[in-house]
Amino acid sequence: MAELRLSATLRSLLRAPAYLYDVHAGWMLGQRFLCLTHTGRQSGRRYRTMLEVVGHDRATGELIVLAGLGRSAQWYRNVSAGHATEIRIGRRRFRPRYRELAPEEAIVALADYERRNRWATPLVRLVLSRLVGWRYDGSPRARARLVSELPMVGFRPQ
């Protein structure tokens with residue numbers, strides 16, 4: 001997969017929800033987006049990344065997200081190195097434990113997300129197609145290929 005470069009305008013738009021957390025209004029986003037705070041592997045700087053929640057296990061509190069830019073995404077690399085420091089979602093905050101979902105789990109989570117968001121299916125498939133560089137049609141075969149390229153990550157409270 002080729003590395004995706006985002007324009008400055010698109011980056012600003014994608015960061016806009018983080019500003020709601022800055023003014024203590026993250027609750028307005030409900031449970032749809034989380035704000036991940038992580039530390040750079042080399043720089044030691046703190047970063048925040050907004051991620052869409054694609055699944056939520058109420059029993060364990062685990063929140064599932066998709067690494068839309070793949071394993072080369074800086075947030076994914078920082079988290080994989082053990083540098084996730086905080087998750088904020090709605091009015092909740094916690095120090096997260098991280099795990100990458102097994103392919104079978106990721107396929108089920110993605111299928112469930114698509115089923116719950118049927119109204120947005122054409123847009124979701126278009127965006128996912130753009131991210132992976134091939135036409136994602138939502139078939140079981142395409143879903144398996146997608147999760148092999150874009151890992152799904154679970155965060156739960158420590």
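Analyst: A crossing is called right-handed if the near helix is turned clockwise from the far one by less than a right angle, and left-handed if it is turned anticlockwise. The structure is a predicted model, in which local features need pLDDT of at least 70 and side-chain atom pairs count only at pLDDT 80 or more, while totals for chains, interfaces and linings use all residues. Residues are numbered from 1 along each chain as its sequence is written, and side-chain values use heavy atoms, with hydrogens and water left out.

User: Which hand does the crossing of H3 and H5 have, and what describes its geometry?

Analyst: H3 passes H5 in a right-handed crossing. The axes of H3 (residues 103-116) and H5 (residues 140-149) come within 9 Å and cross at roughly 115°; these axes are lines fitted to C-alpha atoms over the stretch in contact, and the angle, on a scale from 0 to 180 degrees, is taken between N-to-C directions. The helices (H or I, at least four residues) and strands (E, at least two) are DSSP runs, numbered from the N terminus.

User: What makes the contact of H3 with H5, and how do its residues divide?

Analyst: On the H3 side stand Pro103, Ala106, Ile107, Leu110, Ala111 and Glu114, and on the H5 side Arg143, Ala144, Leu146 and Val147, where contact means heavy atoms within 4.5 Å. These residues divide into eight nonpolar, no polar and two charged, given that Ala, Val, Leu, Ile, Met, Phe, Trp, Tyr, Cys and Pro count as nonpolar, Asp, Glu, Lys and Arg as charged, and the others, Gly among them, as polar.

User: Which residues of H3 are buried, and what covers them?

Analyst: Ala106, Ala109, Leu110, Ala111, Tyr113 and Glu114 are the buried residues of H3. Their cover includes strand S2 (46-57), strand S3 (62-66), helix H4 (121-132), H5 and strand S7 (152-157).

User: Why is Thr49 called buried?

Analyst: Thr49 has a relative accessible area of 18%, so it is classed as buried, the limits being under 20% for buried, over 50% for exposed and partly exposed in between (1.4 Å probe, protein chains only). Thr49 lies in strand S2 and, not counting residues up to four places away in sequence, touches Leu34, Cys35, Leu36, His38 and Trp75.

User: What makes the pairing of the Thr49 and His38 side chains a polar contact?

Analyst: The two side chains meet at 2.9 Å, and a polar contact is a pair of N or O atoms within 3.5 Å, of which, within protein, one must be able to donate a hydrogen and the other to accept it, residues adjacent in sequence counting only if both atoms are side-chain atoms. The His38 side chain also makes a polar contact with the side chain of Asn78, at 3.0 Å. His38 belongs to strand S1 (residues 33-39), and its relative accessible area of 2% makes it buried.

User: Is Phe33 buried, exposed or partly exposed, and how do you know?

Analyst: Phe33 has a relative accessible area of 28%, and is therefore partly exposed. Phe33 is in strand S1, and its contacts beyond four places in sequence are Tyr21, Met50, Leu51, Glu52, Val53 and Ile89.

User: Why does Tyr21 count as buried?

Analyst: Tyr21 counts as buried because its relative accessibility is 4%. Tyr21 sits in helix H1 (residues 8-22), and with neighbours within four places left aside its contacts include Phe33, Leu34, Met50 and Ile89.

User: What makes Val53 buried, and which residues does it contact?

Analyst: Val53 is buried, since its relative accessible area is 8%. Val53 is part of strand S2, and the residues that it contacts beyond four places in sequence include Phe33, Leu63, Ile64, Val65 and, in helix H3, Tyr113.

User: Why is Arg145 called partly exposed?

Analyst: Arg145 has a relative accessible area of 41%, so the term partly exposed applies. Arg145 is found in helix H5, and its C-alpha atom is separated by 31 Å from that of Ala16, 129 residues apart along the chain.
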